[in-house]
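Please look through the sequence and the structure shown here before reading on.

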Amino acid sequence: MNTTLYTRRSFLDTSIRLGVSSATVYAFSALSSCTSKQKQEEKSEEKVATNQAERKLGIALVGLGKYASEQLAPALQETQQCYLAGIVTGTPDKADKWKKKYNIPEKNVYNYQTFDQIKDNPDIDIVYVVLPNALHKEYVVRAAQAGKHVICEKPMAITVDECDAMIDACRKTGKLLSIGYRLHFDPYNLEMMKLGKEKTFGKIKLVIAEDGMKDVDGWRLDKTLAGGGALVDVGIYCVQGVCYTTGLEPVAVTAKEGPKKDKKKFASIEESLTWEMEMPDGTVAHCKSSYSEELNKLRAEAENGWFQLEPAYEYKGLKGETSSGKMDFPKVNQQARQMDDFALAVKGNRPSPVPGEMGRRDVKILQAIYESMHTGKKVELKWT
Ligand code: NAD
């Protein structure tokens, strides 16, 4: 197989997906009419739509921690469809720094008490919730009720009930909801999806997905704020990887907690976990997440070959290989592409490829994995 050829083509496919939706904004202008009044009205409607399509949408980041400050804010300097319009923070010092650094006007700065007033601010189109996991539900619901479209970081929430409340709030207010699944905008991970979908190497038999990191601290060690340990934080990428590589959802999971090397540090959460996912076509996935080991792999073994990424889930520096050769894709800013795609979804009134429903699906799988870990039994999953 010509590796260079297939990699370039699929990258083009991705770029087209990111660009194509803006065309839908213009589509309604196609109907012609006879009267000049109607024509004039059409022209002004067209102008509004064009302005809306050309306007960069304003994003407000909620929670100015590590991910917001080191990844999202810099990415928002590269986006074409949206920009950093506002911030929500409980720390006045941070507000001052961010206002200066990113030229954010005082009227677009909120704290957690004044947050709901964001509803009166036309500069803010999208609220991006980047808080500890247990706070996602409250702020997504409040953002939707303030009439804003929402991006929520992973994991979407702690429980499926919370996910339902978040989806409901956005549905009731007619706002779009998406999850910060940046890897759906990364060419290497998109290639894994494509190779799996097109069965380039035949039917997949086994997927191996591992994600782990060391030196974790703060709220991630507190079950109340994190909802769990390594699984919900980094293992969620394995769950995602298995689902998007196979294009399937698991019908059963079996999990086993790893030994705790540091019982005090990991008193309320698991330090590591291994689990198996059974897919409806008989494919099996062997997964591992850890807070005491560096792991970063997504591998599919199929009838006629294999394909893999290692590292698979990083922001950059991903490496991909197949049994036919190496993958080679241009460097991209995953977060910029993710936020631009969401802005285009809002402008084009189309769904996000990473909607709240996907976040809910993953939380349901995570909960089943924990249930199996606690009971020692296989847990079946039903999808209706
Ligand atoms: P962080 O600890 O660096 O930042 C959390 C922010 O929330 C801080 O600014 C903190 O002040 C604020 N906060 C508000 N209320 C709080 C409370 N009660 N307790 C603790 N902090 C509170 O965390 P982070 O790494 O930026 O993670 C934030 C979210 O982003 C998490 O949901 C995480 O899973 C997600 N995340 C996603 C990615 C990704 O690649 N998509 C990467 C990192 C983090």
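## Strand E4 and its neighbours

Ile 59 stands opposite Ile 126 in E4, and this pair belongs to the parallel pairing, over four bridges, of strand E1 (residues 57–62) with E4. The model is predicted, and local features are given where pLDDT is at least 70, side-chain atom pairs count only at pLDDT 80 or more, and totals for chains, interfaces and linings use all residues. Residues are numbered from 1 along each chain as its sequence is written. Helices (H or I, at least four residues) and strands (E, at least two) are DSSP runs numbered from the N terminus, and two strands are said to pair if DSSP finds at least two bridges between them.

Ile 126 also stands opposite His 149 in E5, for E4 and strand E5 (residues 149–152) pair in the parallel sense over four bridges. Between these two strands the chain crosses from E4 through helix H5 (residues 136–145) to E5, and this β-α-β crossover is right-handed, a term for a path that, with the strands pointing away from the viewer, runs clockwise from the first strand over the helix to the second.

## The parallel sheet

In what order do the strands of the open sheet of six lie? The order is E3-E2-E1-E4-E5-E6, with parallel pairing, and the edge strands, each pairing on one side only, are strand E3 (109–110) and strand E6 (177–179).

A residue is called buried if 20 or more other C-beta atoms, placed from the backbone, lie within 10 Å of its own, exposed if 12 or fewer do, and partly exposed in between.

## The nonpolar core

The largest nonpolar core has 99 residues, and those with the most contacts inside it are Ile 59, Ala 60, Leu 61, Tyr 128, Val 129 and Val 150. Such a core is a set of buried Ala, Val, Leu, Ile, Met, Phe, Trp, Tyr and Cys residues joined through C-beta atoms within 7 Å. Helix H9 (residues 230–246) gives the largest share of this core, 11 residues. Domain 1 (12–26 + 36–182) and domain 2 (183–330 + 356–380) both give residues to the core, so it lies between them; these bounds come from an automatic or database domain assignment.

If its neighbours within four places in sequence are left aside, Val 129 is in contact with residues including Val 62, Tyr 139, Val 150 and Cys 152, where contact means that the two C-beta atoms, placed from the backbone, lie within 7 Å.

## The antiparallel strands

Strand E8 (residues 252–257) and strand E9 (residues 272–278) pair in the antiparallel sense over six bridges, and in E9 the bridge partner of Ala 255 is Trp 275. On to the next strand, E9 and strand E10 (residues 284–290) pair in the antiparallel sense over seven bridges, with Cys 287 in E10 as the bridge partner of Trp 275. E9 and E10 form a hairpin with five residues between them, and Gly 282 in the turn has a positive phi of about 95 degrees.

## Helix H11

Does helix H11 lie mostly covered or uncovered? H11 is mostly covered, as 14 of its 20 residues are buried. At 1.5 Å a residue, the 20 residues of helix H11 (residues 356–375) should span 28 Å, and its end C-alpha atoms are 29 Å apart, which agrees; the expected span is 1.5 Å times one less than the number of residues. Just after H11, Gly 376 takes a positive phi of about 75 degrees.

The peptide bond from Lys 154 to Pro 155 is cis, with omega near -15 degrees, and Pro 155 has its place in the loop between E5 and helix H6 (160–173). Another cis peptide bond runs from Glu 310 to Pro 311, with omega near 0 degrees.

Asp 215 has a positive phi of about 60 degrees although it is not a glycine, and this residue is found in the loop between E7 and helix H8 (223–226). Asp 215 is exposed, with 7 other C-beta atoms within 10 Å.
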